Amino acid sequence: MSRCFSLVQTKNWCHRSAFSKSGLRSTITDFKDGTVMHCWAPKARKESKPNLLLIHGLGANAMWQWADVIPHLSRHFNIYVPDLVFFGDSYTTRPERSESFQAQCVMRLMEALSVKRMSLVGLSYGGFVGYSMAAQFSEAIEKVVICCAGVYMEEKDLVGGVFPVSDLEEACRILVPQTPDKLRELLSYTFYKQPPIRLLPSCFLDDFINAMCTECVEEKRDLVRAIPKGRKLSDFPKITQPALLIWGEHDQVFPMELGHRLKGFVGENADLVVIKKAGHAFNVEKPKEFNVRLKSFLVDLKTPTSKLENHK
């Protein structure tokens, strides 16, 4: 029997409509080297506004991850929401899989869209890409927000007890799930309070997987494999921009230890904010606090993030 209705595709349509109503348009940029990038960009950029780049993580597409943020920040910024390579309508025939390559692709995209300076917010895997952008293109990046991204880690941490899953291939199967059981397992690591979706029948989880997780499976898993490969703290670049690090108190994907490590490495340029009673997906579990933190750091210059009460 053919599938005639998809809740996930319906949600996608709603997000596309909301992005359009927020003043964004869908753009495609062909680099002419085998790489094509899709990005939601302003229909009419206002030169009086600063530019803000929102970089998604693994899992659902960029629209799902940033839909709740855009209404709170669109009045303050020209917002750009790209699909990273192998997500949405972005792809490459090139062999590179590192976050450094992803960062270079996003920067080329922004240059093609005539954006010379910007602040950025990177969520989970997007935090790896965002940090790499800030390190590689320091003159172009003004402020940096890294959300639950354990960028300051080493390859040996995989077997050092830092992560709940120490086998990289098993982590790939969980982070890019292809069965309802693996999707449920991913959710168990992602949320502090388990969402109702864990109780849904497998057919609903299959709907999500079919809509979100079946394209470029091995390429996405290669992105995960590339993160720890040869990674050493002694080689890690330090960023100099003002930075906000946001972590869920009960993050099981990139535990809090990695947030404290990164804060210690970046130093006084960075504030570390811990969102209480939240896990890796604090943007879903505590969206109001997430938006307050972003606005305080990116917009309300007179109220430093470090002065806000750590609550909720």
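Are phenylalanine 128 and phenylalanine 254 buried or exposed? Both are buried (under 20% relative accessible area; exposed is over 50%, partly exposed in between, with a 1.4 Å probe and protein chains only). This is a predicted model, where local features need pLDDT of at least 70 and side-chain atom pairs count only at pLDDT 80 or more, while totals for chains, interfaces and linings use all residues. Residues are numbered from 1 along each chain as its sequence is written, and side-chain values use heavy atoms, leaving out hydrogens and water.

**Confidence**
- The protein's mean pLDDT (the predictor's confidence in each residue, from 0 to 100) is 91, and 93% of its residues reach 70 or more.
- Over residues 302–312, though, the pLDDT is below 50.

**Aromatic pairs**
- There are 10 aromatic pairs (ring centres of Phe, Tyr or Trp, its six-membered ring, within 6.5 Å; planes under 30 degrees apart are stacked, over 60 edge-to-face, the rest tilted).
- Phenylalanine 128 and phenylalanine 254 have ring centres 5.4 Å apart and planes at 50°, so this pair is tilted.
- Phenylalanine 128 sits in helix α5 and phenylalanine 254 in the loop between β8 and α10, so the pair ties together parts 126 residues apart in sequence (helices, H or I, at least four residues, and strands, E, at least two, are DSSP runs numbered from the N terminus).
- Phenylalanine 163 and phenylalanine 254 pair edge-to-face, at 6.1 Å centre to centre with 80° between the planes.
- Phenylalanine 163 is buried too.
- Ring pairs join Tyr125, Phe128, Phe163 and Phe254 into a cluster.

**Helix α8**
- Phenylalanine 204 belongs to helix α8, residues 202–212.
- Phenylalanine 204 counts as partly exposed because its relative accessibility is 36%.

Methods
Contact means heavy atoms within 4.5 Å.
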